[in-house]
Amino acid sequence: MARHSSFPPLPAAHWLFAGIALVIAPHAAHLPVWLSALAFAMIAWRWTAASGRLPLPGKWILMLLLAGSAAGILLEYRTLFGRDAGVAMLTLMLALKLLEMRGYRDAMLTVFLGYFLVITNFFYAQEIPFAVYLFAVVLVLTAALVVLNHPASAGQWRRPLKFSAQLLLQAAPLMLLFFLLFPRTGGPLWGMPSDAFSAKTGLSENMSPGSISQLVQSDAIAFRAEFASVAPPPSRLYWRALVLENFDGRNWSRNRGGYAAETTIETTGTPVSYTLTVEPHDKPWVFALEVPDPLTVPQDTRLTRDLQLLANKPVQRLTRYTLTSYLDYRIGRDAGPGQLRNALFLPRNGNPQARELARRVRDEAGSDADVVARILALFREQDYAYTLTPPLLGQDGVDEFLFKTRKGFCEHYAGAFTFLMRAAGVPARIVTGYQGGEFNPVGSYFIVRQSDAHAWSEVWLQGRGWVRVDPTAAVSSTRIENGIASALPAGEPLPFLVRTDMEWLKHLRQGWDAVSTYWDLWVVGFDQEEQIGLFARLGFGIVSWRELVWGMAIGLGLLLAAIAAFVFRPGRRPAPDKVQALYLKFCAKLEKAGLARPPSEGPLDFAERVRWQRPELAAGTDAVVHLYIQLRYGARASSEIYGEFASLVRNFKP
Amino acid sequence: MLSQLVRGRGSEAGPVVLDRRRIYILPTRLGAVFAVFLTAMLIGSINYGLSLGYVLTFLLGGVAVVGILHTYKNLQGLKIADAGASPAFAGEDAVFHLEFAAPGPRFALNLLNRSAEPVRFDVEATRRASVRIPATRRGRLKPGRFTLSSVYPLGLLRAWSYVQLDHAAIVYPKPGGIPLERMAAGEADTGERPGTREGSDDFAGLRAWQPGDSPRQVAWKVAARSGMLATKRFSDVEGATVLFDWGNLASLDAEARLSQLARWVLDAEQADLRYGLRIPGIEIAPGNGLPHRQRCLEALALFGLPEHG
């Protein structure tokens, strides 16, 4: 049943197994634990078997392993296809292939599969350190490929690695040529599996207590913004994403229904221009400063009537938008009751205390604006606290928060405030987005992280239209002015990168972020648009794919000629073997004496012939040949023997 | 088709240096599989917009392309020379030697011949490779065409070249069944026994010293120089002289006679006799020693064959 492994022989096998283990390792981050463990167990099994300490599993065990694991994957992912399940299946196949590997061909296929699994890692991350790691894995896999074809070189670890690095370096110019010139397409070739972009963090279209404070725990970057001229102060950086108008008593959600009337937008002051580089988040929202100029909305996006800027497709790759916004504006001043009805809606029941409070304030206040002011004063003056770890809230969440726990994050304040406004008859809605951002002086742009996620309110006031009110600012003004890190009390679980207490770390991080931004823009984000832009800037105009293909062909020819010139450059001649040279001198002496040695005749044969043809020379010849063989092939070759050999040859007189 | 084209070249005498005109290169089957893998990786990169996927795909594609140069380089400049062939008896394997020399190291070369097991070897600077080819009939055995190939370094491409040298091994007749002791008196001419111990002090070489060797026979000069004891050997011929005659084997057909004569040559050499050979057209005076044995066997091997057959 079980067979011992014969190929690849052991030193070569180390290379192969190491490469495979290294390529599977990063997948462990998202594979089910049992599958990663199983894969590594199978690699360990194969490794042990290679040294003959374990037999390889028979066909039936392999079938059982395959069937069992495939069933497990099916249970885990509910499918065998799609991105994540596909990667899980590939990992399984690779590990099984190792166990099933019998000969050269199998081993080669294993390396190919390994390469393929490298590429699937890029589904999950494309950052610089990860890319560096994976190219190191490619280095090992390529060394394994070389070693499989020349097992004799597997023993030393330096030589295969060096040769593999040489191959990859020589291939690099070709890679660069094709990377720049291969015609990029605008979108996917066909529909992608639905899970292709899962696991992306970002704002969702619902807001309930806790949803944003969870997001804030992540220091992942949401987008970067580079201003054309002077950047506005942080307190004015409200990056608007979504308007949540629907409320079911607990959750706030988007109003998808359209309104017939357009919103009027009046703007004053000078607009600010900036470029957003939005990280893929698989949702269509784009994060314009309040409020974007409706006349200069980028292509592929549209502005809704409540001023949400939406891309036509979910943002699935790093995308750049050039935008113009007015920071001084009035919107929807002429909104009629029909347009405001939804902004006044509350469920019939729930949160009685809050309703009661709203009624009281309403009765005392002289105007809608006064209601807003009084509620904000309430937040400011009473002992409300700003925290990332608010207590859990029950059924009447607004009541509980306002009167019992009094601890909350921005969504609690915005939610409670908006509820109170509506209860007091003031049209109000919630806006989510990001607030502030960290300025990076190295690249002179703002980095906006998920930890900058924020929620605020908009109330509609007669004569002023929709006005932004940020109740969090009433509780914690430093949140708005100085960012989240300074607003939270010490000891709150802040993401590491947001902390402000380590200056040098901050500088390092900013330098690194500038590098990774360019990486993201020019390497990871190099798409059709960037490609066309690059060649336009280089003065080629708008290149067609036909021109690109010609470029590739010509470039390939030129580069290959250059690489060939390098590969076939005349190398140093090996230093002539001193022993060999002396032996040839000895042969030349014998040749003069009429005993020519054809190149094919070995030393022993030659000595035998000398003994037969010229017995008087036999003793000398034998001595020389004896030492020659000892020096060339013997284990005891030494400089003493060499000296003896040299003097024998010199004194040899036929 | 290619092979037929090349076969037209016929065999060559001198050392052959592999160059552009002699080296062929094509992807292996695994190379084609690799291309399929790369295509799948490219399609995946396009579909998912994986920029680093493009990088990896093009890098591996580049490695395969650069691999063409390296695979070619592994054969290029390789000098292949005829390094002789060891004679064999019919029914055994003749061993053909080829000497390889290269300006730099060459790896995982495969030497293939229609009728031999492939031989795999590296060439560091020079190297001799030997191919065993079964010898079926006496005469001159030509190995035919050698294919020298290599898939080094990646296994994705195979470079190869055909080499056909003027290479021949002498195949001696398969020794016949009747041992020398049973040779009928009439079948051999027993010459006179030389009474003198001819050449009793003929120096016949050195061998490693063994316990029991007379100290008088130790080559002290050599021992002083090399640090190893060696014993001088002297030919000490004192056997009878025999003549093996074709005419005495009338009961056998020609090939069987040659076989039988070969057997006796071997036995006589073994028994340290002096022996001569007489076959139609050739007469070899009695002698002794390996070169003599070789002369006799060669004469038997090539009997009746054209000069260059």
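**Reading the two chains**

Tutor: Of the 309 residues of chain B, 39% count as buried. This is a predicted model, where local features need pLDDT of at least 70, side-chain atom pairs count only at pLDDT 80 or more, and totals for chains, interfaces and linings use all residues. Residues are numbered from 1 along each chain as its sequence is written, and chains are lettered from A and ligands numbered from 1 in the order in which they are written.

Student: What makes a residue count as buried?

Tutor: A residue is buried if 20 or more other C-beta atoms, placed from the backbone, lie within 10 Å of its own, exposed if 12 or fewer, and partly exposed in between. In chain A, 37% of the 654 residues are buried.

Student: Why is helix 5 of chain A called largely enclosed?

Tutor: Because 13 of its 18 residues are buried, helix 5 of chain A is largely enclosed by the rest of the structure. A helix here is a DSSP run of H or I with at least four residues, a strand is a run of E with at least two, and both are numbered from the N terminus. By that rule chain A has 23 helices and 19 strands, while chain B has six helices and 18 strands.

Student: How do you know what span to expect for helix 5 of chain A?

Tutor: The expected span is 1.5 Å times one less than the number of residues. For the 18 residues of helix 5 of chain A this gives 26 Å, and the helix reaches 26 Å from its first C-alpha to its last, close to that expectation.

Student: What makes up the side of chain A that touches chain B?

Tutor: Residues are in contact if their C-beta atoms, placed from the backbone, lie within 7 Å. The contact takes 62 residues from chain A and 57 residues from chain B. Helix 7 of chain A gives the largest share of chain A's side, ten residues. That side divides into 46 nonpolar, ten polar and six charged residues, where Ala, Val, Leu, Ile, Met, Phe, Trp, Tyr, Cys and Pro count as nonpolar, Asp, Glu, Lys and Arg as charged, and the others, Gly among them, as polar.

Technical notes:
Two residues are in contact if their C-beta atoms, placed from the backbone, lie within 7 Å.
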